[in-house]
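Welcome! Please take a moment with the sequence and the structure shown here, and then let us walk through them together.

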Amino acid sequence: MLRLLLERTPVKRLTRGVPVVALLSTFEVAMLAGAHFKRLDPRERRRLFALVAAVRRGPRALSESERSELAALVAKLEPRAFFGSAAGRLSPVPVPKRLLYGPRNSRARAVASGKRS
């Protein structure tokens with residue numbers, strides 16, 4: 001039945017131009033990003049977006065204290081762990097953990113294994 005639908009209906013025209021693998025990969029990365037953003041509480045998320053919006057106004061738009069606050073919020077998101085988990089999910093071959101998560105005793109590796117410090 002599915003084969004008939006794909007061969008003889010307008011669905012065939014739609015599926016020809018849709019890169020399914022790219023859509024699934026994008027969705028996978030979006031899910032990972034959502035999980036990392038949930039590490040911030042709503043107040044921190046609002047503050048992060050406000051600081052990022054201020055940075056877009058110009059290179060010197062933030063004071064030193066705001067820059068350190070932005071750095072702390074970004075560190076709480078654990079970007080290395082995010083990129084490591086995204087690369088691990090999207091790579092067709094196993095990627096060495098030292099490339100994804102850094103040295104053995106790093107915070108990113110602890111997060112990847114489920115241990116949080």
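Which side chains meet in a salt bridge with an N to O distance of 2.9 Å? The side chains of Glu44 and Lys76 do.

## About the model

This is a predicted model, in which local features need pLDDT of at least 70 and side-chain atom pairs count only at pLDDT 80 or more, while totals for chains, interfaces and linings use all residues. Residues are numbered from 1 along each chain as its sequence is written, and side-chain values use heavy atoms, with hydrogens and water left out.

## The overall picture

The chain has eight helices and zero strands, giving the pattern α-α-α-α-α-α-α-α along the sequence. Helices here are DSSP runs of H or I with at least four residues, strands are runs of E with at least two, and both are numbered from the N terminus.

Of the 117 residues in the chain, 21% are buried. Buried means under 20% relative accessible area, exposed means over 50%, and partly exposed lies in between (1.4 Å probe, protein chains only). The accessible surface comes to about 9,100 Å², and carbon and sulfur atoms account for 63% of that; such areas come from the Shrake-Rupley method with a 1.4 Å probe, and for residues only the protein chains shown count as cover.

Contacts (heavy atoms within 4.5 Å) also tell us something about the fold. Among those between residues at least 6 apart in sequence, 44% join residues at least 24 apart.

## Salt bridges across the chain

The whole structure holds six salt bridges, each a side-chain nitrogen of Lys or Arg within 4 Å of a carboxyl oxygen of Asp or Glu. One of them joins Glu78 and Arg39, whose closest N and O atoms are 2.3 Å apart. This pair links distant parts of the chain, 39 residues apart: Glu78 sits in the loop between helix H5 (64-77) and helix H6 (79-90), and Arg39 in the loop between helix H3 (20-37) and helix H4 (42-57). Glu78 is buried at 5% relative accessibility, whereas Arg39 is partly exposed at 25%.

Glu44 is buried at 12% relative accessibility, and Lys76 is partly exposed at 35%.

Arg47 lies in helix H4 and Glu66 in helix H5, so the pair ties together parts that are 19 residues apart in sequence. Arg47 is partly exposed, at 30%, and Glu66 is partly exposed as well, at 23%. Together with Glu69, Arg47 and Glu66 are linked in a network of salt bridges.
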